[in-house]
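Please open the model in your viewer, with the sequence panel beside it, and keep a selection tool at hand.

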Amino acid sequence: MGTDSRAARALLARARTLHLQTGNLLNWGRLRKKCPSTHSEELRDCIQKTLNEWSSQISSDLVREFPDVLECTVAHAVEKINPDEREEMKVSAKLFIVGANSSSATRNAVDMACSVLGIAQLDSVIIASPPTEDGVNLSLEHLQPYWEELENLVQNKKIVAIGTSDLDKTQLEQLYQWAQVKPNSNQVNLASCCVMPPDLTAFAKQFDIQLLTHNDPKELLSEASFQEALQESIPGSQAHEWVPLWLLRYSVIVKSRGIIKSKGYILQAKRRGS
């Protein structure tokens with residue numbers, strides 16, 4: 001690991017952007033932890049294993065190039081969708097905004113997911129509620145710039161349907177009334193409310209919004225947890241300089257059988273000040 005870490009440290013010291021993609025986790029084999037207890041544990045494990053695999057495969061050519069953008073992946077797990085099978089698959093994604101203050105993060109994430117999977121369009125994208133300052137409740141203004149970018153992606157046929165996560169009835173109603181492209185779904189975390197709130201259920205039924213459930217934590221990936229994973233995988237990498245901007249989790253399901261064919265994570269991080 002010593003030589004691997006030296007090469008990885010050298011590349012990270014020069015790069016400005018890091019793209020990390022796990023490939024299809026179902027192809028990980030020996031890398032995959034059998035039963036991660038939480039989504040956060042699974043994600044942290046995926047980040048560390050991906051960084052470890054990438055650092056062990058660094059070529060001398062890459063070190064000589066010192067690219068601005070590092071593409072960290074588990075090469076043997078990368079799996080594009082067969083074009084002949086595309087109509088049989090439903091490709092869904094959930095986007096988590098972490099440290100991005102630009103709506104272009106939404107477009108970057110969707111473009112990268114399409115590229116990774118070798119497709120032109122995602123069937124659905126749900127955006128997790130973007131982070132707010134401590135003590136500040138999520139408002140329509142927080143969500144608007146990201147939703148406008150999602151609407152553009154729908155209009156440009158990069159996404160079929162878009163949805164939200166953890167909006168209460170008032171928040172969902174405000175978004176619905178303002179939006180040009182209406183949300184077709186809203187995820188509810190039953191760990192926080194046990195049953196669907198009646199007012200939310202009634203509103204969703206009236207406007208044909210599908211209510212889904214999820215068990216993601218409020219903060220699936222934080223700046224600190226990403227930096228800890230980076231530091232543990234590549235010691236001495238100046239991990240505190242790297243900030244995750246967004247995380248996208250995708251799944252590819254065979255429509256007729258409901259079987260997961262592929263799932264994985266894609267993440268973008270930037271060096272501070274770059």
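In sorting residues by class, Ala, Val, Leu, Ile, Met, Phe, Trp, Tyr, Cys and Pro count as nonpolar, Asp, Glu, Lys and Arg as charged, and the others, Gly among them, as polar. The model is a predicted one, in which local features need pLDDT of at least 70 and side-chain atom pairs count only at pLDDT 80 or more, while totals for chains, interfaces and linings use all residues. Residues are numbered from 1 along each chain as its sequence is written, and side-chain values use heavy atoms, with hydrogens and water left out.

Select Ser129, Pro130, Pro131, Thr132 and Lys218, which lie nearest the centre of the largest pocket, one lined by 32 residues. A pocket here is an open set of points, on a 1 Å grid over the protein atoms alone, where a 1.4 Å probe fits and which has protein on both sides within 12 Å along at least five of seven lines; its lining residues have an atom within 4 Å of a point. The volume of the largest pocket is about 900 Å³, where a volume is the space filled by probe spheres set on the points, which are joined across faces, edges and corners. Its lining divides into twelve nonpolar, twelve polar and eight charged residues, and strand β3 (residues 89-97) gives the most to it, with three residues. Strands (E, at least two residues) and helices (H or I, at least four) are DSSP runs, numbered from the N terminus.

Next, select Ser92, Ala93, Gln187, Arg249 and Ser251, which lie nearest the centre of the second largest pocket, lined by 29 residues. About 630 Å³ of space lies in this second pocket, and its lining has ten nonpolar, 13 polar and six charged residues. Among the elements that each supply at least two residues of this lining are α2 (39-56), β3, β8 (242-254) and β9 (259-271).

**The sheet**

Now colour the strands: nine of them form an open sheet in the order β2-β1-β9-β8-β3-β4-β5-β6-β7, with mixed pairing. β2 (69-73) and β7 stand at the edges, each with a single partner strand, so one side of each is left without a neighbour in the sheet. On average, neighbouring strands of this sheet are turned by 20° against each other, direction ignored. Two strands are taken to pair if DSSP finds at least two bridges between them.

Ala93, at the second pocket, has Tyr250 in β8 as its bridge partner, while Ser251 stands opposite Lys263 in β9 and Trp242 stands opposite Arg271. β8 and β9 form a hairpin with four residues between them, and Gly258 in the turn has a positive phi of about 70°. Twelve of the 13 residues of β8 are buried, that is, under 20% relative accessible area, whereas exposed means over 50% and partly exposed lies in between (1.4 Å probe, protein chains only).

Helix α2 lies across β1 (17-21), β2, β8 and β9, running at about 110° to β2. Helix α9 (residues 223-233) packs on the sheet, touching β8 and β9, and its direction makes about 90° with that of β8. Such angles run from 0 to 180 degrees between N-to-C directions, with axes as lines fitted to C-alpha atoms, for helices over the stretch in contact.

**Single residues**

Select Ala113 in helix α4 (residues 104-117); at 0% relative accessibility, Ala113 counts as buried. Leaving aside neighbours within four places in sequence, Ala113 is in contact with Leu122, Leu248 and Ile266, contact meaning heavy atoms within 4.5 Å.

Finish in two loops. Most residues other than glycine have a negative phi. Phe66, in the loop between α3 (60-65) and β2, has a positive phi near 45° and is partly exposed, with a relative accessible area of 25%. Asp166, in the loop between β5 and α6 (169-178), has a positive phi near 65° and is partly exposed at 40%.
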